[in-house]
Amino acid sequence: HHHHHHQHSPPSHIVDVNVRDVATVTPGIVRPNALFRGSEIFGLPQVQTVIDLRGGGDHLPGPQCAHRVLVKFITPKAAMKILWGTGPSALFPAAASKAQGDSFKVAMAAKTFKHLGLREMYKIFVTTCQHEIKKAVMPLADPNAFPVVIHCTHGKDRTGVTIGILLALMGVPLDDILADYGRSAPEIRAAMARGDVSDEHPALQMKDEYITSDPIDLRDSLFAHLEKRHPAESLPESTRQYLQSECKVSKSDIDTIVANLRARSTVMSA
């Protein structure tokens with residue numbers, strides 16, 4: 001193994017940034033090696049299906065895999081609401097920041113974070129991107145799709161909401177879902193500190209202060225919505241109602257997704 005390769009060759013090891021198997025969130029509920037969450041930087045050679053929530057717009061070539069699903073999670077309508085909530089004045093500082101060399105996207109994301117906040121952005125996702133949420137979860141109804149990775153840029157916001165819905169549907173306890181969401185920001189910051197995020201990933205490179213994953217933001221958006229709009233006996237039931245009535249996922253597709261993700265019961269649990 002020689003080290004005199006060119007400067008631009010990729011690292012010899014596969015780097016995973018903010019990537020994890022969601023089976024580890026609460027062992028025994030989701031089967032291992034079935035569903036991964038991640039940023040745009042992941043190895044996962046075993047993956048069969050990549051669900052890329054960045055859609056076509058900021059689409060980068062991803063790893064080779066059998067099946068790739070592009071979902072433009074942030075629709076024009078959601079983008080407008082985010083811009084509106086961020087305030088028109090945010091466009092000017094963003095333009096100024098672009099002049100200083102930040103990409104416009106990163107500058108806008110920073111402004112959004114400051115003026116709108118993640119909780120409000122997640123509320124917009126949950127209440128306007130239902131069709132995209134359906135597109136993101138439907139591949140899981142195919143038993144041959146697995147292993148699957150769901151990812152966006154950071155693997156924190158679009159992915160965080162989507163994975164939150166799936167874990168809630170599976171019966172993962174709310175505290176565990178929130179704790180898993182909370183792991184994203186520290187993981188991204190650590191990866192950036194290690195130098196695992198190269199200049200080929202400009203959208204991932206944000207200032208530390210804008211990279212947060214406070215569980216309260218997810219709780220008071222997604223889970224507040226489920227509780228308020230879809231009151232039910234349990235969180236899985238409330239999540240089912242959301243997927244059926246708002247996202248228009250059929251009951252049989254929901255049942256199949258749950259069956260495909262469920263951990264096989266062991267002989268022990270007689």
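1. Strands β1 and β2 run antiparallel, joined by 2 bridges. Strands here are DSSP E runs of at least two residues, and helices are H or I runs of at least four, both numbered from the N terminus. Two strands pair if DSSP finds at least two bridges between them. R20 stands opposite R37 in β2.

2. This is a predicted model: local features need pLDDT of at least 70, side-chain atom pairs count only at pLDDT 80 or more, and totals for chains, interfaces and linings use all residues. Residues are numbered from 1 along each chain as its sequence is written, and side-chain values use heavy atoms, without hydrogens and water.

3. The open sheet has 5 strands with mixed pairing, in the order β1-β2-β5-β3-β4. β1 (20-21) and β4 (67-70) are at the edges with a single partner strand each, so one side of each lacks a neighbour in the sheet.

4. β2 also runs parallel to β5, through 4 bridges. F36 stands opposite V149 in β5. From β2 (residues 35-38), L35 and R37 point one way, F36 and G38 the other. All are buried (under 20% relative accessible area, 1.4 Å probe, protein chains only).

5. β3 (residues 49-52) and β5 (residues 148-151) run parallel, with 4 bridges. D52 stands opposite H151 in β5.

6. Helices α6 (residues 158-170) and α11 (residues 251-261) pack at about 85°, axes 10 Å apart. Axes are lines fitted to C-alpha atoms over the stretch in contact; angles run from 0 to 180 degrees between N-to-C directions. The pair is therefore roughly perpendicular (65 to 115 degrees).

7. In that packing, L166, L169 and M170 of α6 meet I254, I257, V258 and L261 of α11 (heavy atoms within 4.5 Å).

Methods: Parallel < 35°, antiparallel > 145°, perpendicular 65-115°, else oblique. Buried < 20%, exposed > 50% of the residue type's maximum accessible area, 1.4 Å probe, protein only.
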